[in-house]
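Subject: Structure handover

Hello,

Here is the structure you asked about. Please open it alongside this note, which goes through what was found.

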Amino acid sequence: EPVVAAKMANAAPPSALCSVVVPEQLSAEEFDSIFSARVWTRVKSPDGRWTLLVDDEQQCRMISLIERRCIDLPTSMASCVVFSPDSQRLAVGTTDGRLLILRGPDWSIEQNIGRGPAIRSVDWSPAGDRIAMCSEAGDIKLLASTDLTCISMRRLPMTFLNCVRFSPDAN
């Protein structure tokens, strides 16, 4: 059971993230850095162990209430983030067209591909064996999650494509 750092939580400036429980080992400086930046994305891992925050400067930070630690991820310019179904990997699409795959438990970069139009959306297949992504150029790609080789690509004649998702049956 995580321990709420009540003293720090009460001293924190108003934030949309006031519902986040903060591990007691975080220093006041770490706590302030979490709550000082405006957060525009908050993603919970499927297993509930991790909360990923992306701030308005497109930097990523992971908070684990179970492991009681906070990790600044080696990413920048994040435009979309999604955990794998098993919560062991994280896909990060960036505004400069890179796709990064990070692997736990240390969340170091396992794979880094691409440069080009901004990636607008990324999704893992329910089995975790494929990754779908779309870019602002209208490209939709289906990649193998093991080595990020392209399985399929389609270019749509539109640049307003914003989201790609797998159906529950992955078809």
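Strand β3 covers residues 60-64 and is mostly covered, with five of its five residues buried. Buried means under 20% relative accessible area, exposed means over 50%, and partly exposed is in between (1.4 Å probe, protein chains only). Strands are DSSP runs of E with at least two residues, numbered from the N terminus. This is a predicted model: local features need pLDDT of at least 70, side-chain atom pairs count only at pLDDT 80 or more, and totals for chains, interfaces and linings use all residues. Residues are numbered from 1 along each chain as its sequence is written, and side-chain values use heavy atoms, with hydrogens and water left out.

β3 pairs with β2 (residues 50-55) in the antiparallel sense, over five bridges. Two strands pair if DSSP finds at least two bridges between them. Thr51 stands opposite Ile63 of β3. The β2-β3 hairpin has four residues between its strands, and Gln58 there takes a positive phi near 65°.

β3 also runs antiparallel to β4 (residues 69-72), joined by four bridges. Here Arg61 stands opposite Asp72 in β4. The hairpin of β3 and β4 also has four residues between the strands, with Arg68 at a positive phi near 55°.

Arg98 lies in the loop between β6 (89-94) and β7 (99-103). Is Arg98 buried or exposed? Arg98 is buried, at a relative accessible area of 12%. Its side chain makes a polar contact of 3.0 Å with that of Asp96. A polar contact is a pair of N or O atoms within 3.5 Å; within protein, one must be able to donate a hydrogen and the other to accept it, and residues adjacent in sequence count only if both atoms are side-chain atoms. Beyond its neighbours within four places in sequence, Arg98 is in contact with residues including Ser76, Val92, Asn112 and Ile119. Contact means heavy atoms within 4.5 Å.

How many salt bridges are there? The count comes to six. The rule asks for a side-chain nitrogen of Lys or Arg within 4 Å of a carboxyl oxygen of Asp or Glu.

One of them joins the side chains of Asp96 and Arg115 (2.2 Å, N to O). Asp96 is in the loop between β6 and β7 and Arg115 in the loop between β8 (108-113) and β9 (119-124), so the pair ties together parts that are 19 residues apart in sequence. Asp96 is buried at 17% relative accessibility, whereas Arg115 is exposed at 61%.

Asp139 and Arg155 form another, with their closest N and O atoms 2.5 Å apart. This pair links distant parts of the chain: Asp139 is in β11 (residues 139-144) and Arg155 in β12 (residues 150-155), 16 residues apart. Asp139 counts as buried at 9%. Arg155 counts as exposed at 55%. Salt bridges with shared partners join Asp96, Arg98 and Arg115 into one network.

**Cysteines**

The disulfide count is zero. A disulfide here is a pair of cysteine sulfur atoms within 2.5 Å. Cys60 is buried, at 3%. Cys134 is in no disulfide either; its nearest cysteine sulfur, in Cys163, is 6.7 Å away. Cys134 is buried at 0%.

**Aromatic rings**

There are two aromatic pairs. Rings of Phe, Tyr and Trp (its six-membered ring) pair if their centres lie within 6.5 Å; planes under 30 degrees apart count as stacked, over 60 as edge-to-face and the rest as tilted. Trp50 and Trp107 have ring centres 5.6 Å apart and planes at 80°, so the pair is edge-to-face. Trp50 is in β2 and Trp107 in the loop between β7 and β8, 57 residues apart. Trp50 is buried at 3%, and Trp107 is buried at 2%. Phe83 and Trp107 are also edge-to-face, because their centres are 6.0 Å apart and their planes at 85°. Phe83 is in β5 (residues 78-83), 24 residues from Trp107. Phe83 is buried at 5%. Trp50, Phe83 and Trp107 form one aromatic cluster.

Best wishes
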